[in-house]
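Q: I would like to go through this model step by step. Could we begin with the strands and then move on to the surface and the charged pairs?

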Amino acid sequence: MTGDKAAKTAIAGGATSLLTLRRILLVTGLLVSGAVTWMLLWTGDTYRNFAVETLNNSVSGTVNFFVGSRVAADYADKITPIANEWSRLGSLVKSYQENDQTRMKAELDILSNAREVVQGDINLIDAIAYDQDFNQLATSKANLGSSATDDADVKAFLTGRDKGEARKPASFMWTTPEGRPVFSLILPVGGFRAVGYLEVITDPLPTLAGIGKVLGGNFQILDKSGAVLFESLEDGAADEGGVALPATEDAQEGIAAPESGTSEGAKDSISATHRAAVDVAISDGRGGIWAEAVFDRDISDFYAQTDDLRTLSIEILIGVLLAAWIAGWVLLRTTVFRNLRAFARAMTSISEGDTNVSLPQVGSDEIGEMKKALIALRSSVRQALILQNMVEHTPTMTALITPDGDVGYLNASAQDYVGGTASTVSGDFLELGTDFQSRLSNPDNLPFTEIIRNKRDYLEILAAPVRDKDNALLGTMLAWNAVTEREESKIAVTEMMAEVARVAQSVTEQSEGLLELASELTDQSQNTVQQSGGALDVSREAASNTQNVATAVEELSSSIAEINRQATEASDVTGRAQKEAEESQRNIGSLEKASSEIGSIIDLINDIAHRTKLLSLNATIEAERAGELGKGFAVVANEVKSLADQTASATGQIGDLTTAIQQEVQKAAQSISTVGDVIHQVNDIQSTITHSVDEQRRATSEISENVQRIAEGAGSMDEMIRFVNEGALGTGRNAQDLNTASHQLSEMARNLSDRMREFSERMKLT
């Protein structure tokens, strides 16, 4: 990896080194425990608030039901008979009939002094007189300033009734502009024959006395300014009227603030308890709001029960969490952590090179996946170690060059060759120059293979890129072998092949010369045969003449001239025969010398073949040591060995033929030497004959003796010439054999030259 990538990896590793599995599980457990505890507390508080809110909502409905029941039903039933009596008073009816509003007002004031009002059964607020169209005629001196008919819907309802409905009383719950809830009962004045209508406005709040005790809390009705118009406490006390209440501290929490008008003891009691306050809007029965009420009650028991329940839940949760922590810790320690420690020990052993380490038995969960991954890692590490050992101990010298040009790795062979380690040698540790280093650093030049010579050796170099799974260049693998001996052997083999080619050419030339010499020897032997044949004829003729001389001495005179002439011719023939024999002897000597030279050449070829065989054997050994790179050279070495064996075989055949030629040449030389001696003797005899013929003139008495010697000499010469003839024929046959052997030697030399040429071309190709 590059430097930036390594730095980022190191920074990331340092940042995450504190997040161990134990700490993660501990933090996770604490967070989960805290979250569960907080959830329990939040759920308890939420449930309690929900319960309080539900209770408050139920209280709102209950209050509306009680108020509606007490006011709209019970209170209306209570005051209707009284109001009917008031509406039937004769004086009031007469004031309506006379339309005397002053008297009508006075009659309305009298109602405030009625017995029911004085006794407190009815809290009369105001009374208002209307005509039949509900136009206001008069009001009591209280003059509230408002009425139920101020509502357009109410007035429309009243004016829209038929006569039968108009004779019935109508009750309305409504609120004054100041926010005071009141009750109006509208009745026809005059009974069946209504002359107008009377509205009796009363305060119905006293009828709500005891509602606080019934509902189990403090019930208050407030006006718009917040003043307490009515209060019913849960202890049964009731009060109508009062001072304004302070604003509640937190209405959502359902805890009402203590009243400013309460005593210090009440404040302490309220502060020590939990009270739920709810604002209740009391309906007027027509979709409007009749009164604003506040209801608060003591929910300390509910809070105590919920606190006890929460405490119990927390205790149970603590017990469950403690049991879960203990069980989780035991399970994690006996399963996860034990397996992780076993995996860690296994990975440590694998990192130390022990790929036979055993792994713990696990299930098919994530730990099982880790085991599968670790098994794959073990196999990969085993394969990597095998490859590392192969690379480390291979005789091929191997190095890794980083993209920056530094040496990242050297195997043992490379360290021995360069005399150092990867941390102690420089980038150009092979001393091949900057151009070679630039080629290694450029991925476009990779891969390549070539043979380069440095100051020490010939190096066969292979350079190939090393990439990761993302095809990013990690470096360059440089493998080399010192092939000095191979290259020098190749040079020596090349030189040897050139020398063998020259020797083969020389053998070819010598064989061609030998072939010419054999041809000349054949021709000379044929001439010798012819000359010896002529000599044989002459000797036979001389013998015949000698016999004729013996039988006819009288012809001596005439025959001497003929004998002299024949002797002269015989002398000439024998002289030529002697010259030819000497020439044949010299040729035989040259042939013996050429045969000796051929033997020397054959010894040289045998020596070269033996050396070639040794070189091929050494090359085969070096090729085996070189491994894959030496396979091609092993084929060449085997071919060289085959050629050496063929050359040795051919030279052995040539040596055998040359030995046979030498033996035949020696025989021919001996025969020719004998022929020469015989011819020399014939020449001497011819000289003697010549002298004898010359002496015939001086000593005729010695003719018979001389003729006898000539007859004997002629017989001997006949035998000698016959022997020479037979020797010449043998020499001809030997010359023919030499000619055939020379042809074979020339063909073998030519084949050797062709094979060496082919071998040289194959060596050049390799």
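Q: How many bridges pair strand S1 with strand S5, and in which sense?
A: This is a predicted model. In it, S1 (residues 124–130) and S5 (residues 196–202) are joined by six bridges in the antiparallel sense. Tyrosine 130 has tyrosine 197 in S5 as its bridge partner.

Q: What packs on the sheet there, touching S1, S2 and S5?
A: Helix H4 (residues 101–111) does, and its direction makes about 50° with that of S2. Helix H3 (residues 90–98) lies across S1, S2, S4 and S5, running at about 130° to S5.

Q: In what order do the five strands of the open sheet come?
A: The order is S2-S1-S5-S4-S3, with antiparallel pairing. Strands S2 (136–139) and S3 (170–175) each have a single partner strand, so one side of each lacks a neighbour in the sheet. From one strand to the next, the twist averages 25°.

Q: How many bridges pair S3 with S4?
A: Six bridges, in the antiparallel sense. Serine 171 stands opposite leucine 185 in S4. The two strands form a hairpin with five residues between them, and glycine 179 in the turn has a positive phi of about 95°.

Q: And how many bridges for S4 and S5?
A: Seven bridges, again antiparallel. Valine 189 is opposite glycine 196 in S5. This hairpin has six residues between the strands, and glycine 190 takes a positive phi near 100°.

Q: How many residues of S4 are buried?
A: Nine of its nine residues are buried, so S4 is mostly covered by the cut-off of under 20% relative accessible area.

Q: Changing topic: which residues form a nonpolar patch on the surface?
A: Leu309, Leu312, Ile316 and Val320 form one, with about 370 Å² of accessible area together. Isoleucine 316 is found in helix H10 (residues 300–351). Its relative accessible area is 49%, which makes isoleucine 316 partly exposed.

Q: Now salt bridges. How many does the structure hold?
A: It holds ten. One of the contacts joins the side chains of arginine 275 and aspartate 296, at 2.8 Å from N to O. That pair links distant parts of the chain, with arginine 275 in strand S9 and aspartate 296 in strand S10, 21 residues apart.

Q: Are arginine 275 and aspartate 296 buried or exposed?
A: Arginine 275 is buried at 7% relative accessible area, and aspartate 296 is buried at 8%.

Q: What does arginine 286 meet in a salt bridge?
A: Its side chain meets that of aspartate 151, at 3.9 Å from N to O. Arginine 286 is in the loop between S9 (275–283) and S10 (289–298), while aspartate 151 is in the loop between S2 and helix H6 (152–159), 135 residues apart. Arginine 286 is partly exposed at 37% relative accessibility, and aspartate 151 is partly exposed at 30%.

Q: And which residue pairs with glutamate 116?
A: Arginine 115 does, with 3.1 Å from N to O. Glutamate 116 is buried at 9% relative accessible area, whereas arginine 115 is exposed at 53%.

Q: Which residues are linked in a network of salt bridges?
A: Asp45, Asp307 and Arg310 are.

Q: Finally, how many helices and strands does the protein have?
A: There are 17 helices and 15 strands. Of the 766 residues, 38% count as buried. The protein exposes about 41700 Å², and carbon and sulfur atoms supply 54% of that area.

Notes
Residues numbered from 1 in each chain as written. Predicted model: local features only at pLDDT ≥ 70, side-chain atom pairs only at ≥ 80, totals over all residues. Heavy atoms only, no water. Pairing = 2+ DSSP bridges. Helix = DSSP H or I, 4+ residues; strand = E, 2+ residues; numbered from the N terminus. Axes fitted to C-alpha atoms, helices over the stretch in contact; angles between N-to-C directions. Contact = heavy atoms within 4.5 Å. Buried < 20%, exposed > 50% of the residue type's maximum accessible area, 1.4 Å probe, protein only. Patch = residues over 30% accessible without salt bridge, like charges linked within 9 Å, V, L, I, M, F, W, Y side chains within 5 Å. Areas by Shrake-Rupley, 256 points an atom, 1.4 Å probe, with all protein chains shown as cover. Salt bridge = Lys/Arg side-chain N within 4 Å of Asp/Glu carboxyl O.
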